[in-house]
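Welcome, and please take a look at the structure shown here.

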Amino acid sequence: MTNRNQWQACIGRLADFLESREKAMAICASFPGFNAHTPREWELMYDFCFRGTDANFTPPLWASVYLGEKALLNRTSLEIIRFYHRWGYAPQWMEGNPPDYLGEQLRFLEYLLGAESADRSARAVAARDFLDNYLLEGLKALSQSLADYPDVYPDIPALFRDALRELSFHEISEEDLGGAGFALKDPIPDEEEHIIASGGLNNCGGICVIRPHVQENCVVQIESDCNPSHAPQIRACVRGRGYRKTYLNPDRLRYPMRRLGERGSGQFERISWEEAVSLIADNIQRTGREYGPGSRFVLYGTGVCGIMRPGTLMNRLLALDGGYLNAYNSYSSACVTYISDYVYGTPNGGSSASTQLDAKLMILWAANTAETIFGPERNYYLSQLKQKGVKIVAVDPRLSQTGVTYADDWFALRPSTDAALADAMAYVIFEEGLQDQHFIDTYCIGFDEDHMPEGVPAGESYHSYLFGVKDGVRKTPEWAEAITGIEAHRIRALAREYATTKPACIEAGFGAQRHGNGEQSARALMMLACLTGNVGVSGGSNGANGSMINEHMPMANYLNRTPNPYPGKIPTFLWTKAIEHGTELEPLKDGIKGVERLDSNIKMLFCMASDILINQHSNINDTIRILKDDQKCEMIVCSDVFMTPSARYADLVLPATSVFEGENMINPWAGSNYYLKHNRVIRPLFGCRFEWDWLKEVAEKMGLYDEFIEGKPEVGDWLKANYAFIREKEPELPDYETFSREGGWQFKDQVKAVGFEQEIKDPANHPFPTPSGKIEIFSKRLYDLHQPDMAAIPRYMPCPEGPEDPLREKFPLQLIGWHTRRRAHSIHDNNEWQDEVEKPGVWIHPDDAAARGIRDGEMTEVFNDRGRIRIPAVVTRRIRPGVAAISQGGWFTPDGQGTDVRGSINVLTSTAYPTPIAKGNPQHTNLVEISKV
Amino acid sequence: MATYGFVYDQTRCIGCNACQMACKDGHDLEMGLFFRKAATLEYTDEQGSLRVMHYSGSCNHCQDAPCIAHCPTGAMHHQDDGTVAVDPLKCIGCGTCTWICPYGAPKLSHKTGRSMKCDACLDRRKEGKEPLCVEACLTHCLQLRDLDAISDEEKRRYTNALPILPSPEKTHPNLLILTKKQ
């Protein structure tokens, strides 16, 4: 054998090794230590090292990554693809790996060296350049990384170490070229850089225009809306702008995997899609047979909010197979949505963002618009309101980014005391006769004794409560000062200003209702709006769910109409309880609906593009305790783009496509004055598939294919058919091709919807859909339940782990969460550019910090009986004393002792006290202590 | 000839960092490297009250730019439009500009070993586009304008002195900030 052939063979062998497990096994068999392990062990080890099946090990395999960036398919990848093209090499995308994958680089070099052609000297130079600039760096990085991997079999790093030595000490010359017996191919022309219009897809307040610049499947830049004809423009915030570092993160899940060790261990074995499909079909059928359809549950949270929504599609399949346990409520707005039904008869009372421009006073109550975004255009309007000189007030224990930007005055109340503040404001308004009596008399029941439903004894009205008719306590500003911590004179002034400025808007964020008494906080803001006649008026407010706005037709999968044959429903927050004690849950106490008793505990769970399984549900350590026992919930299936904390606890992990790799359609959280169309920007990575595509196969396995696809086999068929359905009602929409090409449509007809406008303008013909037809400040429905913790009126009710809980002796600080601008829930936590925007930190007031000897930036531990978080302190006067705050969504990252080191607040939140009426999530009501490490 | 500089309406800035991210994404900047960075800064004013402001800062394209004065090779220079840019062919990576600039605007790239900085997206402007940060702002609070074309009356509404910034007397930054009334 000549030197030349040896040399080329070394490269070819390495390329084979990285190309596939099958080819690699033949090479492994020649290793000196091969017999120390079984072939299956070698296969598992290969996948741990090169196919991402060990969640604790992600070596750099792509040039884009080892040359500096935590991103795939960037400009470096493009550079390499263009290099290939110049020499006529078309990348083969080895098992879906991006073309700058080391295996592909080796294959290219093998081709470049082996081909026969005249121009040898230029080729030798090119090969040297390629080796020096790209390949050697990669082999170095990979060898290093493999050497540091504690479990690796030594022959694997040795293979790369030896190859590295061989390649580094050899100067490529013309002698090395040729001999493979094929001719060099013609150069391949490069695709031009172009923009493919698309949009934000995840569960984010800022569903924005995303315009990726693409070339040869590489995403080189994100642009957003700069279309001058758009009014307002749908500009991306910091999250959308950083999409490349999230969705093209090299930590992407690559192939279907089945769990190896105990749940949470992070080690998996790679399986084929066929095996995965069979496993799912078998388990769906088995659990249905053994435990009944109600044993199967799909977690509702999702990072894919388009109309083709993975969880909903899973539900569709289960519905065709006898049904599933359904859920109501959300983690976002459980209390306000639920209680709106009692007050207004519907939660659907949001107003368009543009109505805020009509306000003469704006109270941002637990609303952090600058970070949640809540519609990309909302800050545009708020900043105009500010510019008009309208007074803006923030009510929040924390001076959020929103407060910093807009607020002229800041009311830093104690968390969970919102209703007490509102009670005192109402007291002042009544005492001084500032209420809108006409509004109260015309539209409401329950404010005063003259407007009460039949069959209720005297003294039960809200007015009677305020003036202490039964308990002898007047709910004065002084009374509220003791509870809320806000000075009485400021409460008085705020009440007067609110009652005398018309229209005045209380922008009710969801923060106040994510408390142990969240229903009362939400109702309190509804009550204030009614008391002052601000309901149904542009520039006013009503306190109902502000995201449900009647503008244009909301985007939804209208053609997915398969009913669920199983009638049982649980409040979504109670799913862990339904794993352990499902059959013991009761309608009144636990809020189950549709059935008196559930047939079964949850036995099979689906976590579809969701991080609820571990990260976003309360009390992570308790969830882990429940899930670790695989006799309780027997099968957990997770489909996602990353090894999230949730995916780690799944039995079956399936790699999904990202927003760049498939199609969908969406409208924003709040309102529907525009739609966005997601287009396929690049080809799917690795073995990733959109959920619909494998669900079809599961359906086929179960004999339900035709019912499942209903004549529409592809995602695009569903999008097109739904679009046609919507377009019938919305004639302004262009044809589907235009809509697709433009990446969506912003309506020329920008509807300015005002919540409950009709009901107020024309009450005779538009009664509220409540039993009385009026706004029920007093709810007879709640009164008749005779439950001491379910108040009939919007009064302040102390709650467990609130400021009055004796547990404060042990855990004196009230810990709240917030939605940070750098994440959308837990999405983007692994985006390193977002770490530059904001790092994990616990906010603590200088007084509380000093008392604990903590200085800004020092490491602390935040803890209670449920867990511990190690996190740096952010000592700031932007939070009230006695309160601490950690932004929600950090990925649970336990150290050896189980202490989280990434600021995952749900280590400290509780599942013990769902809110009394809605059974919602009190994730901002937590008592903790903080100590210096 | 013109004198381009950023006009920044701080009263509308929500501190969201979209400008910073658009800049990083568009220029493919490595970790820790920024041409523009936004931050929320907390301080106590003379009355002892809490003050918090968002600030989005980049190169201010100073008239008396010390980075130009001290550059040993002439790599750092004023362009015809008044903006300050670095010529990578002349830069020797000595780093003088990175420490002489009171705003910390020029940066040394770990990749190229040369100075890099904001040139107000010259390439984009040649194509008739706005700089990335300007186009990214959710509340439209950033603009790149020819300051020579702004009337003195309008200029009086702005400042280039903030308590968190070095004195503008040092370098005469081409930066106009509209601040909140305190």
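Sorted by class, the residues lining the largest cavity are 16 nonpolar, 23 polar and 4 charged. Here Ala, Val, Leu, Ile, Met, Phe, Trp, Tyr, Cys and Pro count as nonpolar, Asp, Glu, Lys and Arg as charged, and the others, Gly among them, as polar. A cavity is a set of points on a 1 Å grid over the protein atoms alone where a 1.4 Å probe fits but cannot get out, and lining residues have an atom within 4 Å of a point.

A word on the model: it is predicted, so local features need pLDDT of at least 70 and side-chain atom pairs count only at pLDDT 80 or more, while totals for chains, interfaces and linings use all residues. Residues are numbered from 1 along each chain as its sequence is written, chains are lettered from A in the order in which they are written, and side-chain values use heavy atoms, without hydrogens and water.

Of its 43 lining residues, A:T302, A:A824, A:H825, A:S826 and A:I827 lie nearest the centre. Domain 2 and domain 4 of chain A each give at least three residues to this lining; the domain bounds come from an automatic or database assignment.

Next comes helix 26 of chain A, residues 620-628, whose buried residues are A:I620, A:T623, A:I624, A:I626 and A:L627. Seen down the helix axis, these buried residues fall within an arc of 165°, so they line one face; the arc is that of the directions from the axis to the C-beta atoms. They pack against helix 23, strand 17, helix 25 and strand 18 of chain A. Helices (H or I, at least four residues) and strands (E, at least two) are DSSP runs, numbered from the N terminus.

Buried means under 20% relative accessible area, exposed over 50%, partly exposed in between (1.4 Å probe, protein chains only).

| Residue | Helix | Relative accessible area |
|---|---|---|
| B:R124 | helix 4 of chain B | 9% |
| A:R123 | helix 7 of chain A | 0% |

Contact means heavy atoms within 4.5 Å. Leaving out residues up to four places away in sequence, B:R124 touches residues including A:Q221, A:E223 and B:E135. With neighbours within four places set aside, A:R123 is in contact with A:W87, A:E116 and A:L184, among others.

Methods
On a 1 Å grid over the protein atoms alone, a cavity is a set of points where a 1.4 Å probe fits but cannot get out, and a pocket is an open set with protein on both sides within 12 Å along at least five of seven lines; lining residues have an atom within 4 Å of a point.
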